[in-house]
Amino acid sequence: MSPVNVGERLRQLRLNAGMSMRTLATKSGFSPSLISQVEHSLVTPSIGSLERIAMVLGVSLSKFFVEPDSSTTWLVRAGARPQLTSTWSPVSLEALGPLDGPSTLEPVMLTMAPGGRSGMFPAASGGEKFALLIEGEVSLTLGEEVHVLRTGDAITFTPAVPHQWENIGAGPAHVVIVTRRVLP
């Protein structure tokens, strides 16, 4: 799996948007210090935080993985998936398919060790989501509702609902999530 330099990509996307660190921090609700630490690869934001930053920048989460690609066919080999790994929670996010270009679907696999969470707090972002729990037991908080999903369970929900994933099982959890991309 190929690790992604989130800090480098964030800096590139921020500069492409013509935004200062301070402006990005203010609009995303984070401190300028945190944005600086991310850009200098001192910390990796949670998946939820990264989604908030992407929304402010007017890009999809996929922009943190790869450069635009105009291909019409995408093949992602199991051992070569772009991957984001959290520094604060035992969670990783892997690209499973086309992450840029004309596709409106953004497929990823969220892998969480026991106790791993997608973010400190629920976040609302992106487009409509479909998720299939491949392995494990997780809780999915959707607004005020908490759903416990087990291997084989699937759920679809709208982006307006703040959501948070947490592995509540004794082993690793693997969730395939397909998001209908909302482009600026």
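I'll start with the overall picture and then go to the helices.

So, first thing: this is a predicted model. Mean pLDDT for the protein chain is 82, and 79% of the residues score at least 70.

On to the layout. The protein chain has four helices and 10 strands. Going along the sequence, the order reads β-α-α-α-α-β-β-β-β-β-β-β-β-β. We've got 184 residues in the protein chain, and 46% of them count as buried. If you take the contacts between residues at least 6 apart in sequence, 65% join residues at least 24 apart.

Now the pair I wanted to show you: helix 1, residues 6-16, and helix 4, residues 47-57. Their axes come within 10 Å, and they cross at roughly 20 degrees. That angle is under 35 degrees, so helix 1 counts as roughly parallel to helix 4. As for handedness, helix 1 passes helix 4 in a left-handed crossing.

Which residues meet there? From helix 1 you have Val6, Leu10, Leu13 and Arg14, and from helix 4 you have Leu50, Ile53 and Leu57. Sort the residues of that contact by type and you get six nonpolar, no polar and one charged. Arg14, in helix 1, is the charged one.

That's my bit, over to you.

Definitions and conventions:
Residues are numbered from 1 along each chain as its sequence is written. This is a predicted model: local features need pLDDT of at least 70, side-chain atom pairs count only at pLDDT 80 or more; totals for chains, interfaces and linings use all residues. Side-chain values use heavy atoms; hydrogens and water are left out. Axes are lines fitted to C-alpha atoms, for helices over the stretch in contact, and angles run from 0 to 180 degrees between N-to-C directions. Helices (H or I, at least four residues) and strands (E, at least two) are DSSP runs, numbered from the N terminus. Angles under 35 degrees count as roughly parallel, over 145 as roughly antiparallel, 65 to 115 as roughly perpendicular and the rest as oblique. A crossing is left-handed if the near helix is turned anticlockwise from the far one by less than a right angle, and right-handed if clockwise. Contact means heavy atoms within 4.5 Å. pLDDT is the predictor's confidence in each residue, from 0 to 100. Buried means under 20% relative accessible area, exposed over 50%, partly exposed in between (1.4 Å probe, protein chains only).
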